[in-house]
Amino acid sequence: MTSIKNKFTAGIFALFAILIFATPSLAQSVDVNSALNSTLEAIGATASDAALENGATPEEATSAANDAISSIVAEVFGDRDAKIFNTLLFLIGGFLVMWMAAGFTMLETGLVRKKNVSMQALKNIALYSIAGLMFWLIGYNVMYGGEAGGFIGSFSPSNFPEAGAGTAEAGYSVASDWFFQMAFVAATASIVSGAVAERVRLWAFLAFTVVLTGLLYPITGMWQWGGGWLSELGFSDFAGSTLVHSVGGWAALAGVIFIGARNGKYGANGMVTPMPGSSIPLATLGMFILWMGWFGFNGASQLAMGTIADVADISRIFANTNLAAAAGAITAMILVQLIYKKVDVTMVINGALAGLVSITAEPLTPSVPFALFIGAIGGAIVVFTIPLLDKLKLDDVVGAIPVHLLAGIWGTMIVPLTNDGTSYVTQLIGISAIGAFTFIASSIVWLILKVTIGIRVSEEDEALGLDKAEIGVEAYPEF
Amino acid sequence: MKLVMAIIKPSRLENVREALSASDVHGMTVSEVKGYGRQKGHTEIYRGAEYAVNFIPKLKLEIAVKADQADNIVSIIRNSAESGKIGDGKIFVFDLEQVTRIRTGETGDTAL
């Protein structure tokens, strides 16, 4: 023991010796900043002299000098730091939202049957990729290249500054804004993929995705986030309960209507045949990945991280987002227990996600109790509307319509409860306008696809499973 | 030779295997099956829709034995597989016409 103590003491002495000898050479490097120091001293001296000329005391003159120095530092470096932090927020938020693509994939593959798992995985890889391509090709400029108060932007690809040439004039770098917004488009597209699963034809679905990500989402997005007519009206959707989730939900609803229910799902006299998913662990993992990605989805929608107020707001958004999800999950759990006497884990998953969708329209202004309330109602909505869809014979495999469309509408409508700058009337106008446009446009696209290439696989292929019929790769070949 | 086929509850497998290994049984085949008899299924509920699960998971054991051993094996299986509750299963005995060991080509009792 003593020998260890001895070694330890010797080590401490050695460390001190190193520091003492190293400090002079560390002091050497401070010389690099001496030019800066003399500039600041000069600014301070000017301010001090001016104060003395106006009859100030020596103490007042010194404090005037200090004020001048600190304000010029804040101006120059504050602006630079704000641009860097704003860009950083977009980059981090962007890859967190990108990670939601994994969440959607796990959730959907877990909730479809084994024979359709490879197809669901492939659809998610493809739609994420298509979203990125289309958003670069035309989407970003359709959404952000328009006139204030307008309806549509311009049709051209996005350009990023050359390597080393970026200046972040807008307060953030161009590419980081493109990247962040692109991830949101992808989220919208994957909402549709879950609803029409197990019977949609791969290429028809991808064709729809091309239109959704290149045109439909950017147009309605332009109306609000692109400075268009809805934003001028005062409509408010912080991170996209309507612009992302309801848009995806309306497109999904149109798809579900035009594609029809899976064979054997609905029988005579309202009989419903459940088709349980292949992996509860995957579905749950998907939910948690989405939950984590949502911190980027909502948090980075603050769109700024250059001030203390901004980071405080982002922190508040993180907290509210988490609590709304928790409230949605618990509410769904309690309701399902009361109604069905057993707690269906898939409904609780949907409940948490509905809580997240609900808070997305306004994650900043609510206090915690309000955030819990908003999330809880979202959770309740899915518990009651999942069976309702079955009654209407609308076969939504993963509950995308209750979670994204209905909770999205709720989240958007309740914004004025905590945000004084909005009104229920304008929220309703926004919801209706975007809803009508998206539903009608989606229906047209689905209809065109249906009568041309067909959107549904044959009955035999549906029974065989899409993995064998269209992919050629079984997800679990040895089971 | 006889083929003894037993349908048992999955949780009893280890018990049955252990009891049989003490006797003159050198191998068996086990498959996962579903079935029902007097033990009815139950209702489950998935996303708000109730459905009946009529078939219950069971295990099927197939054991080839010498003709004079069959009765002994049946009672060993019966004792080790039973739990006293409905759904314990059944044991069937078939005539086994021929047995061949693939590796050596032996047939008959020596192939068992």
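Residues are numbered from 1 along each chain as its sequence is written, while chains are lettered from A and ligands numbered from 1 in the order in which they are written. Because the model is predicted, local features need pLDDT of at least 70 and side-chain atom pairs count only at pLDDT 80 or more, whereas totals for chains, interfaces and linings use all residues.

Colleague: Is helix 5 of chain A roughly parallel or oblique to helix 8 of chain A?

Modeller: The axes of helix 5 (residues 174–195) and helix 8 (residues 241–259) of chain A come within 8 Å and cross at roughly 30°, where axes are lines fitted to C-alpha atoms over the stretch in contact and angles run from 0 to 180 degrees between N-to-C directions. Because angles under 35 degrees count as roughly parallel, over 145 as roughly antiparallel, 65 to 115 as roughly perpendicular and the rest as oblique, helix 5 of chain A is, relative to helix 8 of chain A, roughly parallel.

Colleague: How does helix 6 of chain A lie relative to helix 8 of chain A?

Modeller: Residues including Y217(A) and T220(A) in helix 6 of chain A meet L243(A), V247(A) and A251(A) in helix 8 of chain A, contact requiring C-beta atoms, placed from the backbone, within 7 Å. Helix 6 (residues 202–224) of chain A packs against helix 8 of chain A at about 135°, with the axes 11 Å apart. That angle makes helix 6 of chain A, relative to helix 8 of chain A, oblique.

Colleague: Which elements of chain B give two or more residues to the side that touches chain A?

Modeller: In this interface 6 residues of chain B are in contact with 12 residues of chain A. The elements of chain B that give two or more residues to that side are strand 3 (42–46) and strand 4 (49–53), strands being DSSP runs of E with at least two residues.

Terms used. Contact = placed C-beta atoms within 7 Å. Helix = DSSP H or I, 4+ residues; strand = E, 2+ residues; numbered from the N terminus.
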